[in-house]
Amino acid sequence: MSETSQPMIDEVDLILTNARLRDELEPYRDDSIDDPTTRSMPLQKENEYLASILAWERAPALAIAQWFDPPLQIPAPESLDDTGLAVELQRTIEQLHSQNIKLTFTDHLSDRELYRVIYRDILPACEKKVDAPGKCLEWRCLEDNDTYLMYYATPVERRRHQEEHQAELPKAKRPNFRRKLPD
């Protein structure tokens, strides 16, 4: 086989993979599959995109606590003193990270408040568990847009929001609880 025939074989493999992925996606067909921007992608990238859609469609929706084996159970927030809660919070954040669950916008919450969010909102939440390299579930620990505007929005974002919504902005503040979370 000559050196020039190898890229042609790779191209054929990519085309066959693309056809297979499109066939497997047929029952899930919607605008994301027919997105015209996929046609401008290199075939390898398009196949990665289609494979990620297929993985999403086939992924089971489970309570996040069920993503773990055994299921993740943490003590109720009111059962822990401040020291025990800090230790349990760090351990729980690391466990969430091990399942590619990334917490963002947490610095306005105390340790106890963040632990409550995990206990009350995150662990029982039903989400699709997609095992794909480089993909994560980002959980934004925000209750409302005002919290984002107050603690996390850049001056440009704040100004843009004010212009678009003709609304008073909450006073910008620095978050009280700076924490280093796993990336």
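Trainee: How many Å separate the centres of domain 1 and domain 2?
Mentor: Keep in mind that this is a predicted model. Domain 1 covers 4-58 and domain 2 covers 62-141. Taking the centres over C-alpha atoms, the separation is 34 Å.

Trainee: Thanks! Which residues lie nearest the centre of the largest pocket?
Mentor: This pocket has a volume of about 260 Å³. Its lining is made up of 14 residues. Those that lie nearest the centre are K128, V130, K135, C136 and L137.

Trainee: Which elements each supply at least two residues of that pocket's lining?
Mentor: Let's start with the classes: the lining of the largest pocket holds 6 nonpolar, 3 polar and 5 charged residues. Now for the elements, where at least two residues each come from helix 2 (43-58) and strand 3 (126-128).

Trainee: Which element gives the largest share of the lining of the largest cavity?
Mentor: The lining consists of I93, H97, I101, K102, L103, L181 and P182. Two elements give two or more residues to it, helix 3 (82-98) and strand 2 (101-104). By class, this lining has 5 nonpolar, 1 polar and 1 charged residues. The largest share, 3 residues, comes from strand 2.

Methods
Residues are numbered from 1 along each chain as its sequence is written. This is a predicted model: local features need pLDDT of at least 70, side-chain atom pairs count only at pLDDT 80 or more; totals for chains, interfaces and linings use all residues. Side-chain values use heavy atoms; hydrogens and water are left out. Domain bounds come from an automatic or database domain assignment. On a 1 Å grid over the protein atoms alone, a cavity is a set of points where a 1.4 Å probe fits but cannot get out, and a pocket is an open set with protein on both sides within 12 Å along at least five of seven lines; lining residues have an atom within 4 Å of a point. Grid points are joined across faces, edges and corners, and a volume is the space filled by probe spheres set on the points. Helices (H or I, at least four residues) and strands (E, at least two) are DSSP runs, numbered from the N terminus. Ala, Val, Leu, Ile, Met, Phe, Trp, Tyr, Cys and Pro count as nonpolar, Asp, Glu, Lys and Arg as charged, and the others, Gly among them, as polar.
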